[in-house]
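Morning, everyone. Let me put the structure up, and then we'll walk through it.

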Amino acid sequence: MLDQVVFYFFALLAVASSILVVTRRNAVQSAIFLVTALLATAGIFLSLDAEFLFIVQVILYAGGIMVLFVFVIMLVNLDVALHQVQFNRQWMVALIISAVLAAQVAAALAVSRKTLYALPPAPAQALEPNTERVAYSLFHTYMLPFEIASILLLVAMVGAVVMAKKRV
Amino acid sequence: MNAIMPYVFPVLFALVIVALLPLVAGYIVLVERKVMADMQVRLGPMRVGPHGLLQPIADAVKLLIKEDIIPENADRLLFWGAPLISVTAAMLALAALPIGPFFQIADLNIGLLFILGISSLGIFGIVLGGWASNSHYSLLGALRSAAQLVSYETSAGMAVVGALLLAGTLSTRGIVQQQSDSGVWFIFAAPVGFFIYLVASIAETNRAPFDMPEAESELVAGYMTEYSGFRWALYFLAEYTNMIVVASIATTLFLGGWLRPFANTPAFNFFDYLPPLLMLWVAGYCFRRTPKQPVAVQKMFIAAVGVLCIAVAGILIMPMAAPSGSFLASSKPGIHGAFWFLFKVGAYIYVFMWLRFTFPRYRFDQLMRLGWQFLVPLSIVNVMGIGIGLALHRELNWPAAPSLLLGVAITLGVAAYLLSAAEKHEHPRVGEEEETPVDA
Amino acid sequence: MADIYNTGGTNVETTVLGADEIILNMGPQHPSTHGVLRVKLHLDGEKVVGSECVIGYLHRGVEKIAEHRSYQQFAPYVDRMDYVAAVSNGLGYCEAVEKLMGVEAPPRARVIRTILTELQRIASHLFWLGTHALDIGALTPLFYCLREREEILKIFEKYCGARLTTHAFRIGGLQYEAYDELEKDTERFCKDCDRRIDEYESLLTENRIWVGRTKGIGVITAEAAIAMGVTGPVLRASGVQWDIRKAMPYAAYDQYEFTIPVGKNGDTYDRYLVRLEEMRQSVKICLQAISNIPLGPILGKVGKVLKPPPGEVYHSIEAPKGELGYYIVSDGTTQPYRVRIRPPSLINLEALDQMIRGHLVADVVAVIGTLDIVLGEVDR
Amino acid sequence: MVPIGHYLFLSVALLAIGIVGIVTRRNVIIILMSVELILNAVNINLVAFSRLVGSVEGQVFAIFIITDAAAEAAVGLGIIIAFFRNRETVLADEMDILKW
């Protein structure tokens, strides 16, 4: 019961703020609603016993990446942007793509419904202790991807600096 | 019924904290003003209540009834919401703090990360408030603070990681337990980490000498320039709550949380008598000042404060006087733990104030340089040093003290190198030694 | 490598006015423009690429008022220019009129004038130190400085009854005879002051943040300083040894031993050191002066109605902030035909633009502070 | 645990909203934000299935995706700043030159 309330609360919050993200004219407000959506997702993670991912989502996504976004939005001139047309005329395309997507997922779910729903969820303790399990998996099984990810970050950092640097 | 029971105490405790926090923040402001006055050969607030004891309440009332001004071209939604974000983030972070072994809202598995993560969301309040005000001063202040918080979070986080290596857990309670078991506060095992955290936490709470975002002599009040009244008070509340949060983190991580000094040594058990004695001393001071108050109301008020102190002393003494095994005696760690925790938090905040009134302010580029070129490398080396020490101790079975000391020594060596490199940069030319100029 | 305490961009960089340039109005209502100065800053990010000072918010037409007052009546008005150093203003004016009339103040008056003016210099520098430190973010020195300044103001109060706008002197000598304990009070203060200055130095001089904030900031070379007409400690910090007390002695300065501190780099830090040393030298002068105050009259031979012969005179003194000059034209009547005042703050302020280019907004505050301007004097 | 289908629907909803954002918006920054939304939708799936089968692998991959998002945001925003500096615009349909 409590599970469901929590899930629907966060799900509704996530969907509502996502819609606001793509519909607000003002980019700063969009960014704020994106933060809300990300935090709602973090809440869903928490309800799924993924504590570590919850905090990663909060620190990295909401606290790190989004601050970067807000920073950049403030750097680029918004007063001008506010008076520009914010949407192109592709509503139909978007709707069609979404509809097709929805239909696909619905079909897939309908087909696999029996098997998918029959799967019993793992016991609640399966992921305990969460942080240690994630760490073990990250540093033993997925050591190589982890290192590759760090190199990716390094490359991204260098790339961002090169891109954003003032041309002298 | 049983399903609800586990939630009752945390919810009650959360309500108490949320209700008391504005009051506590107000009194921290009063203490700050008094400390400032003491250091500046003044008296500080003396008018409202005896020794200005009612000043915070008068200030709060003033702020609440002030006209609510929203600038003409401000983004109303964000201008309205930004202070709320700041306050909410700061207050949420309090949830995982253990004020003594019994008083804690939630002992999360990821406790410490939770505090760090949630309090880092407060930055949105600052940035959005500055941006929504639609003023140059505010925007500059907001951009500065965004850059500053992100920079110093890095080194603060790395300093925390150093202590976490020692603790082996993220749970705040577990960290203190670990310090209790090993008998050593982590400040002694990782002094450099504590230093880094001290500096970074001052910068993160925007306090002098790192109070760039609100540097009053340059940007008037930074991101808060356009705010007034209640919204401004919310920002202030958030700032002081953040101070409490970082002080609590430092206390939990480095200063042994709720443990009293030498908690494991029975020879120092007389330390248990210090808290009640301290409270009695404060009570005595209040009574001594009572006849000197000019107005009857003030006499009564300061006497009431004295009685309150005696009551607290009584609460602190009771578990010690009660027969062992009784409920009262078993509550001793909780009550005394809460005292020591708050005492340490207070001491940490006092250091904040002390630094604020002593030092001039950094310039923004100097601040960033200090953060990125000194603190971040040092904090990484600090983690490595602690790691080396722990590896020597755990893998090679060296005794704990020398191996940890070796780690500290490595870190200090790097710190000395960084400082000397900075020195060289500062005085590139030989013989440019500055002397008091004399006439020729 | 890790230059944590870099002293910042001293090299002036001229940026073409670009799209990212914003204009920041600093003042007239701003906590650290020392009154009602308005600086229009052209910023590239936080870097200053240009600036304009807008002055005149405190203009009271002091020079014009002089044309409608008798010589005696005008004396109190000059106190209102540099209200932090009223005694010095008064001294300059009185000596200028005396020069115009060809009279001299008696020796006793001149020595007491010297003592009070030097005390005023210390008071002015103390006030500057406190506010300058406050601008840079050190809250506490201000209160220590005001504590010492209070002692000086008490001496003034005992002497003439006023603390701020003293009107202490009279054309031809002194308004009042020195009170009995003047020597004792001054000596006590001087003995104390040396120790206090050491205290301030322990707070600031070697503080890394202070050094980082002031060294290499607002540099003005000796040549540039002379070209701009900058005077006072600002000039001396650039290495020019020019002090009117030595160059063209007035009052009783030729009788005393003191040195003129000079700096090397002409930056904010040097100006700080120069002013501190000047305070020490002032203490020295005061101690020498009180040890031997000659007896005799305090007022020279001037009549009740002053009628200087037609002519003109320029007389300048070394006020705490620089050269304070009075140019007075007399047409032989009881009122001056024209008075022109050369306020040190105004001329020093002109160097501001040159000093802050290429620095950050925070440095603008430091440089305005280090120039030690008083807007009452700038706008007159 | 809430049935897994609910999570899938939520995930699809976020994905669709993200796609709508990408297709209809002109502001590049908001397009980037929509991409973040889509990545987020993927994360929900991964974590939900991780909980369902009781293995942390899904969470580990979610962490990798967040890392990816960080890298993408850094480079993307760097490009936007560089572009804005040259063309004074952040609108996608005005980014119509191959070289500047």
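This is a predicted model: local features need pLDDT of at least 70, side-chain atom pairs count only at pLDDT 80 or more; totals for chains, interfaces and linings use all residues.

Now the domains themselves. Look at where domains 2 and 3 of chain B meet. There, 22 residues of domain 2 are in contact with 16 residues of domain 3. Which helices supply at least two residues each to the domain 2 side? In chain B they are helix H11 (229–254) and helix H15 (332–358). H11(B) gives the largest share of that side, with 6 residues. And the make-up of that side of domain 2 of chain B? We have 16 nonpolar residues, 5 polar and 1 charged.

We count 17 helices and 0 strands. Along the principal axes, the C-alpha atoms of chain B fill a box of roughly 70 × 65 × 65 Å. What about the radius of gyration? A compact globule of 440 residues would come in near 22 Å, and chain B has 24 Å, so the two agree. In chain B, 46% of the 440 residues count as buried. Then the contacts. Take those in chain B with a separation of 6 or more: 75% of them join residues 24 or more positions apart.

Over to chain C, and one helix there. H11 of chain C covers residues 268–291. Why should this helix span 34 Å? Because it has 24 residues, at 1.5 Å a residue. The end C-alpha atoms of H11(C) are 35 Å apart, which agrees. Is H11(C) mostly covered or mostly open? Mostly covered: 18 of its 24 residues are buried.

Last stop, the core. In soluble globular proteins, nonpolar side chains tend to be buried together. Here the largest nonpolar core has 320 residues. Which residues have the most contacts inside this core? They are Ala31(A), Met66(A), Phe69(A) and Ile29(D). Helix H3 of chain A, residues 51–75, supplies the largest share of this core, 17 residues. Zoom in on Phe69(A). Leaving out residues up to four places away in sequence, Phe69(A) touches Ala31(A), and also Ile29(D), Met33(D), Ala73(D) and Leu77(D).

That's the tour. Questions, please.

How values were computed: Residues are numbered from 1 along each chain as its sequence is written. Chains are lettered from A and ligands numbered from 1 in the order in which they are written. Helices (H or I, at least four residues) and strands (E, at least two) are DSSP runs, numbered from the N terminus. The radius of gyration is taken over C-alpha atoms; the globule rule is 2.2 Å times the number of residues to the power 0.38. A residue is buried if 20 or more other C-beta atoms lie within 10 Å of its own, exposed if 12 or fewer, and partly exposed in between; C-beta atoms are placed from the backbone. Two residues are in contact if their C-beta atoms, placed from the backbone, lie within 7 Å. The expected span of a helix is 1.5 Å times one less than its number of residues. A nonpolar core is a set of buried Ala, Val, Leu, Ile, Met, Phe, Trp, Tyr and Cys residues joined through C-beta atoms within 7 Å. Ala, Val, Leu, Ile, Met, Phe, Trp, Tyr, Cys and Pro count as nonpolar, Asp, Glu, Lys and Arg as charged, and the others, Gly among them, as polar.
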